[in-house]
Amino acid sequence: MYGHVEKLAEEIKKGAASVEGVEAKLWQVPETLPEEALGKMSAPPKSDVPIITPNELADADGFVFGFPTRFGMMAAQFKAFLDATGGLWRTQQLAGKPAGIFYSTGSQGGGQETTPLTAITQLVHHGMIFVPIGYTFGAGMFEMEKVKGGSPYGAGTFAGDGSRQPSELELEQAFHQGKYIAAITKKLKGAA
């Protein structure tokens with residue numbers, strides 16, 4: 001809603017595209033809130049990132065799904081999008097495809113781990129292969145002097161009241177996640 005997830009997504013896309021032979025695309029899910037509600041929330045206009053339809057997921061070799069957190073879980077907009085993937089589930093078109101998760105929360109206790117943990121169920125029902133970043137980001141995972149979102153589940157940021165933007169370290173972690181998952185996706189595709 002406020003662009004935090006999109007900023008991380010742009011870095012993830014750059015990281016994925018840095019892997020030779022990988023093409024990365026950026027999409028957004030449809031907005032479900034009425035304009036009146038968005039106006040009351042002081043939400044800025046949506047970006048020009050294309051809106052994805054559920055069936056377009058079948059064309060991808062792998063995914064890195066990003067979403068803001070609402071009460072410790074993915075936002076309803078993203079859940080509604082995934083709820084519309086029943087046809088893909090029925091035919092198991094996403095089974096065996098690697099998928100990662102990244103997120104934005106309002107605070108440190110706002111779901112940096114519960115959000116990805118509860119989102120994994122969506123991947124499992126589709127038979128996707130969850131690819132966490134673990135501690136592959138190295139020393140950046142252990143940063144204690146600066147505020148930093150993210151966890152072994154994936155990259156993350158703290159939005160606060162919406163005014164805090166992703167830090168350089170959070171953006172570096174997002175780039176790393178994109179590169180990491182792209183390399184794994186490429187290996188899996190090459191082994192098929």
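This is a predicted model: local features need pLDDT of at least 70, side-chain atom pairs count only at pLDDT 80 or more; totals for chains, interfaces and linings use all residues.
Contact is taken to mean heavy atoms within 4.5 Å. By this criterion, and not counting residues up to four places away in sequence, Ile 101 touches a set of residues that includes Val 64, Phe 65, Phe 67, Ala 119, Leu 123, Phe 130 and Tyr 153. Residues are numbered from 1 along each chain as its sequence is written, and side-chain values use heavy atoms, with hydrogens and water left out.

Ile 101 also belongs to the largest nonpolar core, which has 19 residues. Such a core is a set of buried Ala, Val, Leu, Ile, Met, Phe, Trp, Tyr and Cys residues joined through side-chain atoms within 4.5 Å, where buried denotes under 20% relative accessible area with a 1.4 Å probe, protein chains only. Leu 57, Phe 63, Phe 65, Phe 67, Phe 78, Ile 101 and Met 128 touch the most other members. Two or more residues are given to this core by each of β1, α3, β3 (98-105) and α5; these helices (H or I, at least four residues) and strands (E, at least two) are DSSP runs numbered from the N terminus. A second, separate core of 10 residues includes Val 5, Ala 9, Val 49 and Ala 174.

Five aromatic pairs are present. Rings of Phe, Tyr and Trp (its six-membered ring) pair if their centres lie within 6.5 Å, and planes under 30 degrees apart count as stacked, over 60 as edge-to-face and the rest as tilted. The pair of Phe 63 and Phe 65 is stacked, because the ring centres are 5.1 Å apart and the planes lie at 10°. Phe 65 and Phe 78 form an edge-to-face pair, since their centres are 5.7 Å apart and their planes at 70°. Phe 65 lies in strand β1 (residues 63-70) and Phe 78 in helix α3 (residues 76-83), so this pair ties together parts that are 13 residues apart in sequence. Ring pairs link Phe 63, Phe 65, Phe 67, Phe 78 and Phe 81 into a cluster.

Phe 65 and Phe 67 are also among the residues that line the largest cavity, together with Met 74, Leu 82, Ile 101, Ala 119, Gln 122 and Leu 123. The largest share of this lining, three residues, comes from α5.

Methods: On a 1 Å grid over the protein atoms alone, a cavity is a set of points where a 1.4 Å probe fits but cannot get out, and a pocket is an open set with protein on both sides within 12 Å along at least five of seven lines; lining residues have an atom within 4 Å of a point. Buried means under 20% relative accessible area, exposed over 50%, partly exposed in between (1.4 Å probe, protein chains only).
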